[in-house]
Structures are given as C-alpha cells and as structure tokens.
Amino acid sequence: MVGSVDWSQIEIAPMNDDEIDVPITEENMCSVLGINDEPEHRKIVSEAAMKASIADVDACVADIDEDLLADAALPVPDHMPEEDHFWYDKKHPVIEEGSLFRSMNEFRMLIRTFAIRGKFDIKIKDSDTTRFLGHCKGNACPWRITARTIEDGKTVRVNKIVKPHKCSSTAAVTTSMADQAWVAEKAMGYIQTEPNIGASELRKKLQAEYKCTIGYHTVNKGKERAKNSLYGTWGKSFQSLLNFKAEIDKRSPGSIVEVDVKRERGEVHFRRFFMALKPCIDGFLAGCRPYVSVDSTFLTGKWNGQLAACTTLDGQNWMFPLAFGFFATETEDNWIWFMQQLHRAIGHLQTLAICTDACKGLENAVKIVFPQAEQRECFRHLMANFKKKFHGDVFGRMWPVAKAYRLETFNYHMAKIFEAEPAVSVYLCTYHNLKWMRCDFNTEIKCDYIHN
Ligand SMILES: [Zn+2]
C-alpha cells in the first residue's frame, strides 16, 4: 500500500550511552532537548506567529458575508433548563415589582409566606396557571398584587404591587395564608430531622418561626401530606418492597429476600422482612470465619420497629455484612423467623459460632434453629447489665476473666470474684450462661472476639 509504513523494516538506531547519560541541568536543558532559547529567536518567532494569526482573522472576516451577520442576530434556541436558577430565601421571600419566580405553584407558596411574614391575609381574586391577582383582606386596604407568566409560559413575573397597606395586623387571628399545602412544604425540614414529631409540637415550631397562628387541624393534615411526599404512602412503599424482591430474585438468583405478610379482615399487611444477597452469602461461606454476630436496633424513622443485622468477620478481621431484616419487636417468634431465613441462606454449618446480646428471644431462636452452633454472648452487653448489680473489685476483675486465654487465669480471677461476692455465681448461671469467656471458645471458629 502506498504511503503505509512497514514497521518490521524500521530499525531503531541504538543510542550511545554518553548520549543517554547526559544529566539535564538548567544550562544545557535547551541544547539537550533541542529547544532554541535565544531571546532574539523567541522574539522573531512570536512576531511571526502574531502576524500569521492576524492574517488568519482578516481572511475569516473577509469570508463573513451579510447573511451570516444577519443570522447571528436571530434568537437561537439554545436555552438550557439548568440556566433557570432563581435564588430566593423561601423563609423570608422578597416580592417586589419585577421579581421573577420559577413557576406559578412556587409563586403561590412564596406569597403565602410573604403574607404571613407581613402579617396580612391575601384574598385571591383571580388565579390560574398564567396569572395571579390578589388583594389584602384588611378592611378597605388598597394593597394589591398582579403577576403573570412571561413568554416561556412558566416563569412568573410580578407586574404591579399597589402599596402601602392601610389595614391593621391580622397576626393575632389564625392566618388563612397557612393552608395544608403551605404547612406541608414548611414541615418537610422538621420531619426530616424528627420523623415522629407530633402535630402540636410542629404547630408550636411553625408558629414560633413564622410568628403567626395556625389551626391544629391544618398542621395535622399538612404534616401527613409532608410525610407522604417524603416517604410515600404505606400502600405504595409496600408495593415497592415486593417489586424490589422480584427484581433481586431476577438479577441476583440465590439471594434470599423474604417479605412476610399477615392477613387481617381480608387485607394483606406487611409483617417482616429479611435479606441476604448472594454475593454476601458466597463471601461468608468462602472467605469468612465461621462466626456471625446478630443484633438489632430501634428504627427511628416513620416506621418504628427493629432493624436486625447479621455481620461476620473476614480473614483480615474486617466486618462483612451477611444479612439484615426488620420486624416490629424482639419477640422469640420474630427472631425464630429471622434465624430460619438465615439458615436458608447459609445452610447447615457444623462449625459455627453465633454471638448475640442478652435478649432471651434471640437466644432461644438460635438454640432452636442452629442447635449445633456455639452460642456466645457479647461481653459488653453482659457488663452493661452486670454493673447495675455489682461494683468495686468484683466489677474490675470481670475483664481479665473474659479475656483470659488460659483456663487457670480464668479460674484464678473467678475464684477471687466468688470469694468477694458469692451472689455473682448464681447471677451468671441464671442470666448469662452462654459463652462469653475466651478460654471456653471453640478454637475451630478462629475468632476470639468477646464483643459482637
Ligand atoms: Zn393590608
């Protein structure tokens, strides 16, 4: 082929060692790298470049004819939605003639806050998707406002405000400006930080923030609206959970996603949830210590209940998530169901340790579902209970007891404790009879953690 390069025919000339080894310094840099650094040369080069580029521009300008210039004057449809940034303080909106707002809905919301802040009520005379006409409800007050959408059909511009007010403040009476939609918008922030806030509490906060009086019913309904738009409705989120399960079953076969329901008066209600993804199951079986730690914590969002989690340890003692679930309360029945799902996921393991807290329901569930497993109890949880009953030297010796690898050390400290406080023996046998002492751990588990 003409012009193509036959790479096999190209010889690369070997460089002499002295050519390669020349150290580059500030002085020789230009000559080594082949750069001409003479000041006169640089001046000539830059002048030449400048002349050439001016010539280029002249040539281009000569090419531009009248038509092209005319085209440039036409509006170009290069409007980007991201350009529509309207910055306003939603808590303290400023509404003046010429002010622009993102949409009619947003404008209606802001004018409510504006009126609440200004301690007056607005009667909306005429409003649709393109225009807004409102006036002050105050007796014979001339204040009025008109606004309408501009050419884009969306942005709202305030055209005229007739000032000033000649009415007395209406702040003392319940404001009609704070309707359910307004409360819903303002309640979002409060609900996000405090999901279970009551309507009375929310009402107090809104009234303090906006220095107005709002009806309880309005706040209550507004709060529900806000919750629905934040978290969705119960029915919708339940359906999402089922869709989620279906999607996991399809995309990650071998995963265990279980949604347990109950039927009441012909209706299906959510009861419990469990999930162990296939990669987590495989990772546990292939690369983790035969040790799982199970615990649960309170859910503090819209849904109260318990979030149960099952974690294991990999070869580097890094925590490895295995499964999680949620249910209403820590009953034995719920824990049995949870452990049964875990059993489905990991199968029967002859060598397995399960570490839990002092929860009786969970302890029994482990006994029933994983009878072969070594049942360990988290020492931190044990001590949280222990220190309510015993103090002093007895208390301090518990750590060497739990941490001792050798039975002799364990027995030595335990004897001292029993000597000082005989009641400890009965207490531990009654309430903490699982394995919490390191010297009694099965060495096959390869995990000597005393905490879960
Ligand atoms: Zn007025």
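Two strands pair if DSSP finds at least two bridges between them. Keep that in mind, everyone, since the sheet comes up soon. A word on the model itself: it is predicted, so local features need pLDDT of at least 70, side-chain atom pairs count only at pLDDT 80 or more, and totals for chains, interfaces and linings use all residues. Residues are numbered from 1 along each chain as its sequence is written.

Let's start with the whole protein. It has 17 helices and twelve strands. Helices here are DSSP runs of H or I with at least four residues, strands are runs of E with at least two, and both are numbered from the N terminus. Of the 452 residues, 23% count as buried. Buried means that 20 or more other C-beta atoms lie within 10 Å of the residue's own; 12 or fewer is exposed, in between is partly exposed, and the C-beta atoms are placed from the backbone. As for contacts between residues at least 6 apart in sequence, 55% join residues at least 24 apart. A contact means that the two C-beta atoms, placed from the backbone, lie within 7 Å.

Now to the sheet. In what order do the five strands of the open sheet run? The order is S1-S5-S4-S3-S2, with antiparallel pairing. Strand S1 (100-101) and strand S2 (122-127) stand at the edges with a single partner strand each, so one side of each has no neighbour in the sheet.

S2 pairs with strand S3 (residues 131-136) in the antiparallel sense over five bridges, and a hairpin of three residues joins the two. Across this pair, Ser127 stands opposite Phe132 in S3. Next, S3 and S4 are antiparallel too, with five bridges, and here Gly134 stands opposite Ile145 in S4. Ile145 also has a bridge partner in S5, namely Ile161. That belongs to the antiparallel pairing of strand S4 (residues 144-149) with strand S5 (residues 156-162), which runs over six bridges.

On to the helices. How do H7 and H8 cross? The axes of helix H7 (residues 199-210) and helix H8 (residues 216-231) come within 9 Å and cross at roughly 105°. That makes H7 roughly perpendicular to H8. Axes are lines fitted to C-alpha atoms, for helices over the stretch in contact, and angles run from 0 to 180 degrees between N-to-C directions. Under 35 degrees counts as roughly parallel, over 145 as roughly antiparallel, 65 to 115 as roughly perpendicular, and the rest as oblique. Ala199, Leu202, Arg203 and Leu206 of H7 meet Tyr216, Val219, Asn220 and Lys223 of H8.

Last stop: Leu407, in helix H16 (residues 407-420). Is Leu407 buried or exposed? Leu407 counts as exposed, because it has 12 C-beta neighbours inside 10 Å. Leu407 and Arg438 are 31 residues apart in sequence, and their C-alpha atoms are 9.1 Å apart in space.
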